[in-house]
Amino acid sequence: ATVKSGYDGEPRTTRIFGRRTQAYVKRAAWRHLRLIAKHRPSLYAHAAAEVLVHYTHDDEDAPSGRYGTYARAHLLHRILWGSSARHELTRDLRFRLRSSKLASAPPGAREEAFPALWDAEPRAYVRLLAAARLPVVHELALAAVRRGHASVVEGASHAEVAAMLAAPYPPTVELALAELRRRFDAARPDWDLVCTLVGDARPVVRTLGLEWLAETAPAWTRDPARIVSLLSLADETARAAVAHHVLAALPEAPAAVRARLAE
């Protein structure tokens, strides 16, 4: 990097972290996760999840020979494929296949490090589904949910499920939509859920909330407190939709309801 010298204050090109330092940090970071797994096993899955959600497509490389897309992504590879017998670690701390014939994992194989610790803390899968930016991470979490942890999605907060709609992995988006529809009952709407979706800045989330807002309009357009609450949303598109439904409902509302709304 170009930094100012500590001697004369002049900018100079300086090596900040050499290869040996980088290698040390990589090993130390994985060693830290292993120590968590050993001494605080209930925290391992959550710590690993926080690592995984920070990886993006910027961490990918073009595959070359036996070196895959994530050959240099040290912690990601350790976490996702730490139990795999298909890979080997080279002296320059890259991972490669032991043989080109081992490109695909055996059916049903679990290759992540410490799989039992993940199963013991399945809430960590929700964190991955809601925040991970790489499809390979979603594959791990979604496979686990389908394998026997569907209840963690059912117990996730509305905000966590809504966050899954922005996932870069279509099956995760489908899972989130299915869960949101399971939670929604037009006859007895969960208003916290409706407000969460309607007030979301992302169009794909807000659109579903606006659909539910229209579907439940006969119920809330005669409730002054609910109208005021909805008109307090930060999103102007949502506020405009609320006003539209209220104005459309006024002509058919009883005089007593119109009087309460006027107040």
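The model is a predicted one, in which local features need pLDDT of at least 70, side-chain atom pairs count only at pLDDT 80 or more, and totals for chains, interfaces and linings use all residues. Residues are numbered from 1 along each chain as its sequence is written, and side-chain values use heavy atoms, with hydrogens and water left out.

I begin with the aromatic rings. The structure holds 6 aromatic pairs; rings of Phe, Tyr and Trp (its six-membered ring) pair if their centres lie within 6.5 Å, and planes under 30 degrees apart count as stacked, over 60 as edge-to-face and the rest as tilted. The pair of Trp 30 and Phe 114 is tilted, because the ring centres are 6.4 Å apart and the planes stand at 35 degrees. Trp 30 belongs to helix 1, whereas Phe 114 sits in the loop between strand 4 (95–97) and helix 4 (115–120), so this pair ties together parts that are 84 residues apart in sequence. Helices (H or I, at least four residues) and strands (E, at least two) are DSSP runs, numbered from the N terminus. Trp 30 is buried, with a relative accessible area of 7%, while Phe 114 is partly exposed at 31%. Here buried means under 20% relative accessible area, exposed over 50%, and partly exposed in between (1.4 Å probe, protein chains only).

The rings of Phe 184 and Trp 212 are stacked, because their centres are 4.1 Å apart and their planes at 0 degrees. Phe 184 lies in the loop between helix 9 (170–183) and helix 10 (191–198), and Trp 212 lies in helix 11 (residues 203–215), 28 residues apart. Both Phe 184 and Trp 212 are buried.

I turn now to charged side chains. The structure holds 15 salt bridges, each defined as a side-chain nitrogen of Lys or Arg within 4 Å of a carboxyl oxygen of Asp or Glu. Which residues are linked in a network of salt bridges? They are Arg 66, Glu 88, Arg 96 and Arg 98. Arg 98 is in the loop between strand 4 and helix 4, and Glu 88 is in strand 3 (residues 87–89), 10 residues apart. Arg 96 is partly exposed, with a relative accessible area of 25%, and Arg 98 is partly exposed at 48% relative accessibility.

A further salt bridge joins Arg 183 and Glu 179 (2.7 Å, N to O). Both residues lie in helix 9, 4 residues apart, about one turn of the helix. Are these side chains buried or exposed? Arg 183 counts as buried at 16% relative accessibility, and Glu 179 counts as buried at 6%.

Finally, I note two loop residues. Asp 235 is in the loop between helix 13 (224–231) and helix 14 (236–249), and Asp 235 is buried, with a relative accessible area of 14%. Lys 101, in the loop between strand 4 and helix 4, counts as exposed at 78% relative accessibility. The C-alpha atoms of Lys 101 and Arg 86 are separated by 9.3 Å, and these residues are 15 apart along the chain.
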